[in-house]
Amino acid sequence: MGGMASIQAEFILDRAYSAVVSMDEEGLVTAWNPSAEATFGFKREAALGRPVAELIVPERLRAAHREGLRRFLATGEGRVLDRRLEMQALRADGTEIPIEFTISALRTADTWSFFAFIRDVSERVEADRERERLVEELHVALRGSERRFEAIVGSLGDAITIRDREHRFLYANPAAVAHLGFGSWEELRDTSPDTIMQEFTVSDEHGQEIRMEDIPSVRILRGEEAEPLLIRTVNRVSGVQRWNLLKAAPLLDEDGQVEATITIIEDVTEPKRAEQRGAFLAQASAVLASSLDYEQTLRNVAQLAVPEVADWCAVDLVDDDGDRNSVAVAHVDPARLSLAEELRAYEPDRLDPDQGLGLVFRTGESLLYPEIPESLLVDAAVDERHLELIRAVGLRSGLVVPMKLGKRTLGALTLVSSESGRTLDQSDVELAEQVAARAAVAIENSRLYSQRSSIARTLQQSLLPDRLPEIPGYEIASVYLPAMEGSLVGGDFYDVWPLGDEWMVIIGDVTGKGVEAAALTALVRHTMRTASEFLPSPADLLAQVDRTLKHRPALSVCTALCLRLRDDQVTLAVGGHPLPLYLTGGQVTKLGEHGPLLGAFTEAAWHDVTVELEPGSTLVAYTDGITDAVDKGHGRFGLERLYDALRDARGPQAAKVVECLTGALAEFQSGANADDTAAIVLHRLARAEARENSAARRENGRPTDDLLAGARHGQTD
Amino acid sequence: MVRPTEFKIAHRVTDAGVTLKVTGELDLSTAPVLGESIGALRRDVKAVTVDLSELTFMDSTGLRLLIELDHRAKQEEWELALIRPRYETAAAVLKATGADSALPFEDAPEP
């Protein structure tokens, strides 16, 4: 190399980024640029004239190097020429570096020169290695996080599923696999979502069916917000009922599109059941306490369990002979009750003491039939029609719990699940037992109460006069409408008795309860009758009763209206009682003045008011059972209606007024009256009427004087 | 027959005692409920106000309950205060029976 070209070549070589090494046909170094110095660590001076093989070719490759050179020189075949190659090269310090190089052969005169352009690719290789290492590490890390994901999600009690846009399962943790009733993830993955949905009946809290499109994950796919959804699932095959809270969230892809949805299925069966039970039992207690009516209580018991606990509920009582007495049946669908009625006809009077109801009555222990097999139905059936009926009911699962009071079994509750398809379990037995315990108490209470209230009622009514005496110049009529059966209110009372040529008329209301109230009524009447012999003033009479009542140890309160009748004059005093009404010439007015309730207040005083009763007028004394009467719309009968009724009376005669009054009341309250209702009506005969009356009596052969004497006698002995 | 009425008892507890505000009709079916509410109060409650200002009806059962409360309060030494009903339909029975002046009634504050 010389001349201009040589200088240029040297200039280039000195500055080339690549290492440039040339060698001759002997394989000896003829050029070695500064980059080569830097790459291999040999100075130019040290390298020139030495064999390339010894300088930079690792020992294991030298034979191949020499053979390649020999073959080229001999045949012209150069496998490595003009190609980018990579190999390991030796450095002065004995280390190896990766290099990338090309070799070109140049023939000048009759000899070959070889040029190698070499780059140290340590960094790149190192970078590649690092990347590979990182990728490996990443894989390891990913596998780790996958394991951690599995470890966390897989061990969660809550079921977690991830579904793609077609609702196919991409992932389900073991809890979800088990929850959906599958043995393995693979099994679940290979089953279509619709098939899975069909295995359950799914409803919301209110029993409304939940469809696929209501599920939160499906709503999210539609781009809607999805609130957590509480659902009740009943497995169609196993009948197992579960409550689940579904919470779903979207998984977004890089473009923010919903790629999949993740759903957490929280099993809230236990808390939900506990909550339902609490609410149910509270309701049960309230319903059972709401009526003291025996029959109604039993109907309430049956209604209670449906549909909360089961689809059917029957209440049976044990009679004294140990026989059953069916008292109530309730069904989710009232239309199907006729089925139950028909079934009942097949039931034997004598129960088998070793099964079902008979066994429960005998042992006082609950029975649970989680599954009712067909064979049991066939065995139980008396004939074909019976079996048909039993099948129509669709018995799925059932339980019988005793209603016990202490050791005594009053009866039993039979609960059957049919339509809903759910199976009853031990926790249903426990719930039913709690209802049964409350029912037993309610039944016993109403039983005792109906006995007690009928005693009280009888007593109360026995205190009313059988027949009112006849008062000369007056016509008298009364009405007494006892409060409906089961009412705890005390009694209204009235009485009429003669005092010389005067007459006492009283009416009152004892606001106590049961037998106590009856006793109080007797006391008040007795006190009035006795005291009236020496206390002519009605006001003094009331004061005497007030004192008597206050002497009693327990609070004893009553209202009373006391009238003393002498010819056409009436003197009256009122103790906490509605003022009597006076009907004359089509006008209704109140008589007397209000005075305090008897037995109630420490300082109390009553005043007499005396008025003259016009011939043909009518006086109506009544208890608040009339004005307080309620209709279906919860309106009160009130004073206005009472006034109207009196004005509308077809005549002022006592009997007609009473008739009109009871008619208006019956029309108004359309049913039994809640409170005792009483009225006593005095009609002062006009002269013409009086003559007619005595004529009528004489015709009947019952002279007035005899009758009066008899009445007097009857009331005072 | 339990007749459903618009009946409500609201409790308000202050340092001074307990106030029960009764709304609706105090009658056969609801008086026992008020009785139970008062019966259920803690034994250390020293002052009970029964606010009847929003009462729309009262029968003899309701009246008897108030009298019973008054007796109990005196025996058990706690303070009973009653707020008069605004409605004449409820107030009438109190006036007619003397309960209005005999029981510890106070006027309802102006609404």
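Among contacts in chain B between residues at least 6 apart in sequence, what percentage join residues at least 24 apart? The value is 70%, where two residues are in contact if their C-beta atoms, placed from the backbone, lie within 7 Å. The model described here is predicted, so local features need pLDDT of at least 70 and side-chain atom pairs count only at pLDDT 80 or more, while totals for chains, interfaces and linings use all residues. Residues are numbered from 1 along each chain as its sequence is written, and chains are lettered from A and ligands numbered from 1 in the order in which they are written.

Chain B has 111 residues, of which 34% count as buried. Here a residue is buried if 20 or more other C-beta atoms lie within 10 Å of its own, exposed if 12 or fewer, and partly exposed in between, with C-beta atoms placed from the backbone.

Two helices of chain B pack together. The axes of α1(B) (residues 31–39) and α2(B) (residues 60–76) come within 9 Å and cross at roughly 20 degrees; axes are lines fitted to C-alpha atoms, for helices over the stretch in contact, and angles run from 0 to 180 degrees between N-to-C directions. The two helices are therefore roughly parallel to each other, given that angles under 35 degrees count as roughly parallel, over 145 as roughly antiparallel, 65 to 115 as roughly perpendicular and the rest as oblique. The crossing of α1(B) past α2(B) is right-handed, a crossing being right-handed if the near helix is turned clockwise from the far one by less than a right angle, and left-handed if anticlockwise. On the α1(B) side, Ala31(B), Leu34(B), Gly35(B) and Ile38(B) meet Thr61(B), Gly62(B), Leu65(B) and Leu69(B) of α2(B).

Chain A contains 24 helices and 26 strands. Of its 717 residues, 34% count as buried. Residues 24 or more positions apart account for 58% of the chain A contacts with a separation of 6 or more.

The nonpolar cores come next. A nonpolar core is a set of buried Ala, Val, Leu, Ile, Met, Phe, Trp, Tyr and Cys residues joined through C-beta atoms within 7 Å. The largest has 93 residues, and Leu542(A) and Val620(A) have the most contacts inside it. Leaving aside residues up to four places away in sequence, Leu542(A) touches Ala560(A), Cys562(A), Ala573(A), Gly575(A), Gly595(A), Leu598(A) and Trp606(A).

Just after α14(A), Gly364(A) takes a positive phi of about 75 degrees.

Helices α21(A) (residues 638–648) and α22(A) (residues 654–669) pack at an angle of about 135 degrees, with their axes 9 Å apart. That makes α21(A) oblique to α22(A). Their contact is made by Arg641(A), Ala645(A), Leu646(A) and Asp648(A) of α21(A) and by Val657(A), Cys660(A), Leu661(A), Ala664(A) and Phe668(A) of α22(A). In another pair, the axes of α13(A) (residues 337–344) and α16(A) (residues 384–393) come within 10 Å and cross at roughly 145 degrees, and this crossing is left-handed.

Two loop residues complete the picture. Ala109(A) is not a glycine, yet has a positive phi of about 50 degrees. Ala109(A) lies in the loop between β4 (96–108) and β5 (111–120) of chain A and counts as exposed, with 4 C-beta neighbours inside 10 Å. His167(A), also not a glycine, has a positive phi of about 70 degrees. The loop holding His167(A) runs between β6 (159–164) and β7 (169–172) of chain A, and His167(A) is partly exposed, with 19 other C-beta atoms within 10 Å.

Conventions. Helix = DSSP H or I, 4+ residues; strand = E, 2+ residues; numbered from the N terminus.
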